[in-house]
Amino acid sequence: MAVAVKTTPEVASAGLLDRMAIASLAGTAFVLGTLAIVFYLVPSLWPTETIVATIARGLLQLALLVGLAVFGVRLLTPKALPGVRAGIFLGVVGFLLILLLTRWGSLWFEYWSFERGWYSSTVGAVLTAILGIGLAVVGVRYFLKPGTEKFLVRLEEQGWFTVKPYKSLQGLRVRRGTIFGILLLVGAGIWTMLSHGTLRKGSPDWRLDIPFTGRVAVESTGDVPADVLARYVPDWETQLQDGTLSVDRYTLLEINKNVDPTTHVKIFEPGSSKFRTNDIVSRSEFNEEKRTIEKEGGTPPKDVPPQPVSGPVTYRSLTLLPALQFTVPLLLLAAALWLAWRIVNWPVFADFLIATEAEMNKVSWTTQRRLVQDTIVVLVTVVLMAFYLFSMDMVWKHVLSWKPIGVLVIPEDQPETTTNMENRPY
């Protein structure tokens, strides 16, 4: 006997990327990976020495950027969950903020390590890594909260991350005027920045120094003895002549302890002492020798502060934005175009612009002939009123200053012309 069996449809289990916050984090990782491949991996694998190689590498970077961007959009489009685009944008901004906060914290860690000597550079690097990881964990936990997901959905619903227009056939003239005004303001700012050379005054690139990677390019060995330098850098003389002598900041700190002005002195004039000119001796030994000679009635030695090893400090860095004088104006222009387009399609503001144009269409605009006539009438009226007021002022002045009336008294010996303010006595 046949038995009918009711089949229940299989319910597909929700995948990890079906949650908006997780998908946003994955998109953020894709965007950051794309930037790393285009701007870091390709330049490291293809160094340029000629203009042709530079152009070829630039074209390759552009092709990779466009290709990965199209690939990412195709991955996102079929399963575009509400709020994912806003989440990716917030994720990239949050990653940059974590980098900046970590670098700010590392400045304090380096100061406490290098200047105060509270701990070694390794401990400082570990503390910096803990700070960065901690900030990332806090950011991800905040990102995964339901309230954050609702905020991202509301933000994306306002249309800031889509090219879809809002009521595209209404309010065209007012929208175009608004776009033109925004671009005019931003363009004026960009032109002012370029004409004043603001972006050429500082560093050509926006670089973020990597903590605890500072090295000193030695330009002068100061008064440090040669044997002390050879202890840390055996071939320091050859490297100094080639201009390639560089040491770690902490190594430099150990080297300069031998010429610390608080603990050592440089002999300027030996006098009757056992020292020789330019000797580096400890301050305690110098003071003891000086007291002994003074008791014996001899000539005491004279000292000057010794000079340490010096040179500029350079860090390994992470380039966040290359060629600022070109990329910043281009980014500002792109941001202005996107802002101008999106703000006139923001539902609240777009409805206001549409209503404004509707009210303007109700206005009865005058003709050119009538405008010229009205302008002439206004100008003639203003001129006549000016002459009338001037005449009345002169008439009343003479009437009120007439002696039988005597309301306005002007002494005969007082000139009517005013004296120059600079020549008046105070």
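I looked up Lys-266 first: its bridge partner in β6 is Val-304. Strand β4 (residues 264-269) and β6 run antiparallel and are joined by 3 bridges; strands pair if DSSP finds at least two bridges between them. I took strands (E, at least two residues) and helices (H or I, at least four) as DSSP runs, numbered from the N terminus.

The model is predicted: local features need pLDDT of at least 70, side-chain atom pairs count only at pLDDT 80 or more, and totals for chains, interfaces and linings use all residues. Residues are numbered from 1 along each chain as its sequence is written, and side-chain values use heavy atoms, with hydrogens and water left out.

Next I checked the sheet. It is open, with 3 strands in the order β5-β4-β6 and antiparallel pairing. β5 (280-282) and β6 (302-304) are the edge strands, each pairing on one side only. From one strand to the next the twist averages 55°.

I then turned to helix α10 (residues 283-296), which packs on the sheet and touches β4, β5 and β6; contact means heavy atoms within 4.5 Å. The direction of α10 makes about 85° with that of β5. Angles run from 0 to 180 degrees between N-to-C directions, and axes are lines fitted to C-alpha atoms, for helices over the stretch in contact.

Last entry: helices α1 and α3. The axes of α1 (residues 20-45) and α3 (residues 84-115) come within 8 Å and cross at roughly 55°. α1 is therefore oblique to α3; under 35 degrees counts as roughly parallel, over 145 as roughly antiparallel, 65 to 115 as roughly perpendicular and the rest as oblique. Among the residues that meet, I noted Met-20 and Leu-32 in α1, and Val-84 and Phe-95 in α3.
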